[in-house]
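Here is a short briefing for a reader new to this structure. Please look over the sequence and the model before reading on.

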Amino acid sequence: MGCGASAAATGSVPADGAVTVDRASLPPQLPRGCGISDWQQRQPTCVRRIQSALASIQQCNDELHACIEVLDEEALRMAAAADARLASGAPPRALEGVPLLVKCNIDLAGSLSTAGTAGLADWRPTSDAAIVAKVLEQGAICVAKTNMPELALGWWGYNKLHGTCHNPLNHGA
């Protein structure tokens, strides 16, 4: 299945602005409201979880422009290390092997942190933002940095540095 209208969820925006989505129409690779531990059990290894996330990004990113940098080698290395850690008998951490995408205005050491602006087009911080460090400590694995409007000044996804980001459930939005 592609990333366009064929996978679109039916949604409505009532007068009060609350958005509803028919979860049954979401693509099958997304966890459907289940707990993280249930989802982790259906994906038996961290490497398989990360491979699945990377495959989804590869399938859709040319069309959606959602990710500005895919961290496939690092993510797979971290997933293999997590699997080895678990195989040694270590208890799983709260977010063990959960794929994480980080907006490009939030620092992740060594990855692009452009904030969507040409002035930071090549910026790669040497340390993680505090929130990133906390989720990584709990076992999450960053698979990509995501696109955003320049300097987060807008909601529409237009970005001349990285291309316009499209909503996978509604390309017109």
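Which residues are linked in a network of salt bridges? They are Arg85, Arg93 and Glu96. This is a predicted model, in which local features need pLDDT of at least 70 and side-chain atom pairs count only at pLDDT 80 or more, while totals for chains, interfaces and linings use all residues. Residues are numbered from 1 along each chain as its sequence is written, and side-chain values use heavy atoms, with hydrogens and water left out.

**Salt bridges**

- A salt bridge here is a side-chain nitrogen of Lys or Arg within 4 Å of a carboxyl oxygen of Asp or Glu. The count by this rule is 4.
- Side chains of opposite charge can pair when their charged atoms come close.
- Arginine 85 meets glutamate 96 in a salt bridge, at 3.1 Å from N to O. This pair links distant parts of the chain, 11 residues apart: arginine 85 lies in helix α3, and glutamate 96 lies in the loop between α3 and β4 (99-103).
- Helices (H or I, at least four residues) and strands (E, at least two) are DSSP runs, numbered from the N terminus.
- Arginine 93 also forms a salt bridge with glutamate 96, and their closest N and O atoms are 2.7 Å apart.
- Buried means under 20% relative accessible area, exposed means over 50%, and partly exposed is in between (1.4 Å probe, protein chains only).
- Glutamate 96 counts as buried, at 2% relative accessibility. Arginine 85 is partly exposed at 26%, and arginine 93 is partly exposed with a relative accessible area of 26%.
- Glutamate 74 forms a salt bridge with arginine 77, with 2.6 Å between the closest N and O atoms. The two are 3 residues apart in helix α3 (residues 72-87), so about one helical turn separates them.
- Glutamate 74 is partly exposed at 38% relative accessibility. Arginine 77 is partly exposed at 48%.

**Strands**

- Two strands pair if DSSP finds at least two bridges between them.
- Strand β5 (residues 141-146) is mostly covered, with 6 of its 6 residues buried.
- Strand β3 (residues 67-70) runs antiparallel to β5, and 3 bridges join them. Glutamate 69 has lysine 145 as its bridge partner in β5.
- β4 pairs with β5 in the parallel sense, over 5 bridges. Valine 102 has lysine 145 as its bridge partner in β5.

**Cysteines**

- How many disulfides does the structure hold? The number is 0.
- A disulfide is a covalent bond between the sulfur atoms of two cysteines. The cut-off here is a pair of cysteine sulfur atoms within 2.5 Å.
- The sulfur of cysteine 67 has its closest cysteine sulfur in cysteine 165, but the 8.1 Å between them is too far for a bond.
- Cysteine 67 is buried, at 11% relative accessible area.

**Second largest pocket**

- A pocket is found on a 1 Å grid over the protein atoms alone: an open set of points where a 1.4 Å probe fits, with protein on both sides within 12 Å along at least five of seven lines. Lining residues have an atom within 4 Å of a point.
- The second largest pocket has a volume of about 150 Å³. Volume is the space filled by probe spheres set on the points, which are joined across faces, edges and corners.
- Its lining includes Leu71, Glu74, Met78, Asp128 and Cys142.
- By class, 6 lining residues are nonpolar, 2 polar and 2 charged. Ala, Val, Leu, Ile, Met, Phe, Trp, Tyr, Cys and Pro count as nonpolar, Asp, Glu, Lys and Arg as charged, and the others, Gly among them, as polar.
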